[in-house]
Amino acid sequence: MKLFDPTSKPVEHAVTLAPRPASPKGLRLGLVDNTKFNSDTLLKKLAERLARRHQMTVTVTNRKRSPSHEVDGAGIAALRKQADLVISGIGD
Amino acid sequence: MSEIDQATDAAALIEAYYEQGWTDGLPVVPPSDASILAMLSAAGLAGHEVLGEIAGRNTEVIADKAAINAVMAGCRPEYMPVVVAAVKSLCAPAFAYHGPASSTGGSAMVLIVNGPIARRLGINSGNNAFGQGHRPNATIGRAVRLIMMNTMNTRPGFLDRATLGNPGKYAFCFAEHEDDHPWEPLHVARGLKADDSAVTLIASNSLYQVYNQLAAAPEPLLLCFADALSNMGSPNLKGFNETLIVFAGEHADVLRTAGWSRAQVQRFLVERTKRCVADYKRAARMPGAVTEQDETTWRHVFERPEDILIACAGGRAGSWSACLPGWGNKWTRSVTTRIDTTHIDMSQRGGPS
């Protein structure tokens, strides 16, 4: 008799991380709003605080179709091109 | 396929599956090479085939893993085509798996089976259609949940973040009562042919039964459903959600006798499921103070008649039907998938329960 493993591991893809910024000062900020209630409000306040502290500028904002959907390809491309740092949120 | 040597005693084997964390809390049927192969054969699958994927979660459902889980759930091989179609529905982009599978809302994956396969497998559509006692209902639904847990990482506390969950998360599968239906079956209403076999998947947070023993006309009967679907505690009151309504015998008779069409029922419910903005604000479902205008400003729960899925099942006796509100606004849509029955003998009918 033997056990049959019913589980699967996640499919692996090679991922290259973006270079880490040396300093937070003056970074271009991307916001990903998952459309949950108050997510836009929270992200806006975070962006204001980061602008005050580190002179960051919001350069791109992506509002997802829903919390259940991924950011689409065009959205990802815009974030990659226009942002040095991306904040996504929020949970329940 | 990984293998681990274990004891030969059946009870010890079942315990070993518990120890690995591979069960849903109930004992599983330990698979064998033969039972897995039989499951794959009944669906015409090779073990390596990909049944579906959730790209954003780096998840693929491979046929041999689905077959192992189906055996563990207690399925007979001929149930496998239904399980496969249900998995394809889970992986359909329109279903947007991440939300309904992982939300704190804790949805059941409700499976409605239509067409010849339902009769072939003996899937219960009558008395106690949502309850216990019928092997295909219990094990097909269970197989789908085990596949979610074991191959899609949808485990409680990990990528299943249900606050409470609901008992339908163990298994929720039933057939439509097509032989005693006021209208065309659900799969036909959704574009398939009557002799197609199909499974419709909808994620639902809850099931509540709707009672009315006096209504002899559609309007008062349906007002009970409209009220049930627009209660202030409903999570989806603000988002133009889908819902499933299951009419059972006596209520279906009221609608049939009155000559109401499915579309009439849907239109009536779209119109009557609404609340004024003042109600939303009093219950803190919307921010702000109540204004005079709020008392006469209405918000509808449903956007389109077809967002109200209507099925028929249950016993002939009793004044009960059910509402199963869908999860999550427009964030997920129900999905109907045709079932490939070409690899099983469809000339038989029913099966041991």
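Predicted model: local features only at pLDDT ≥ 70, side-chain atom pairs only at ≥ 80, totals over all residues.

A: Read along the sequence, chain A runs β-β-α-β-α-β, a pattern made up of two helices and four strands. The radius of gyration of chain A is 17 Å, whereas the globule rule gives 12 Å for 92 residues, so chain A is more spread out than a compact globule. Along its principal axes, the C-alpha trace of chain A spans about 65 × 35 × 25 Å.

Within chain A, 37% of the 92 residues count as buried. The accessible surface of chain A comes to about 6300 Å², and carbon and sulfur atoms account for 55% of that area. As for charge, chain A carries 16 positive and 9 negative side chains, with the centres of the two sets 6 Å apart.

In strand β3, which covers residues 57–63, one finds Arg63(A). The relative accessibility of Arg63(A) is 54%, and because exposed means over 50%, this residue counts as exposed. Once neighbours within four places in sequence are set aside, Arg63(A) is in contact with Asp33(A) and Thr35(A). The C-alpha atom of Arg63(A) is also separated by 8.7 Å from that of Asp40(A), a residue 23 positions away along the chain.

Gln55(A) sits in the loop between α1 (39–54) and β3 of chain A. Its phi is near 55°, which is a positive value in a residue other than glycine. With 38% relative accessibility, Gln55(A) counts as partly exposed, because that class takes in values between the 20% and 50% limits. The remaining place is in the segment after β4 (85–89), where Ile90(A) is found. The peptide bond leading from Gly89(A) to Ile90(A) is cis, and its omega is near 15°.

Chain B forms the setting for this picture. Its secondary structure comes to 12 helices and 13 strands. For 353 residues, a compact globule would have a radius of gyration near 20 Å, and the 21 Å of chain B agrees with that figure. The C-alpha trace of chain B spans about 70 × 45 × 30 Å along its principal axes. Of the 353 residues, 56% count as buried, and the accessible surface of chain B is about 14300 Å², with 53% belonging to carbon and sulfur atoms. Among contacts in chain B between residues at least 6 apart in sequence, 82% join residues at least 24 apart. Chain B has 31 positive and 35 negative side chains, and the centres of these two sets lie 5 Å apart.

In soluble globular proteins, nonpolar side chains tend to be buried together. In this model the largest nonpolar core holds 63 residues, of which Met80(B), Leu90(B), Val113(B), Ile140(B) and Met152(B) touch the most other members. Helix α4 of chain B, residues 80–91, gives the most to this core, with nine residues. Met152(B), neighbours within four places in sequence left aside, has contacts that include Ile54(B), Val61(B), Leu90(B), Cys91(B) and Ile147(B). Another core, of 30 residues, lies apart from the largest one and has Trp183(B), Leu222(B), Cys312(B) and Cys323(B) among its members.

Two loop residues of chain B complete the account. Asn58(B) lies between β2 (50–54) and β3 (59–62), and has a positive phi of about 50° although it is not a glycine. With a relative accessible area of 32%, Asn58(B) is partly exposed. Ser334(B), in the loop between β12 (320–325) and β13 (335–338), has a relative accessible area of 8% and is therefore buried, the limit being under 20%. Not counting residues up to four places away in sequence, Ser334(B) touches Arg190(B), Leu201(B), Ile202(B), Glu242(B) and Leu309(B). The C-alpha atoms of Ser334(B) and Ala203(B) are separated by 7.3 Å, although the two residues are 131 apart along the chain.

Definitions and conventions: Residues numbered from 1 in each chain as written. Chains lettered and ligands numbered in written order. Heavy atoms only, no water. Rg over C-alpha atoms; globule rule 2.2 N^0.38 Å. Buried < 20%, exposed > 50% of the residue type's maximum accessible area, 1.4 Å probe, protein only. Areas by Shrake-Rupley, 256 points an atom, 1.4 Å probe, with all protein chains shown as cover. Lys, Arg positive; Asp, Glu negative; His and termini not counted. Charge placed at Lys NZ, Arg CZ, Asp CG, Glu CD. Core = buried A, V, L, I, M, F, W, Y, C linked by side-chain atoms within 4.5 Å. Contact = heavy atoms within 4.5 Å.
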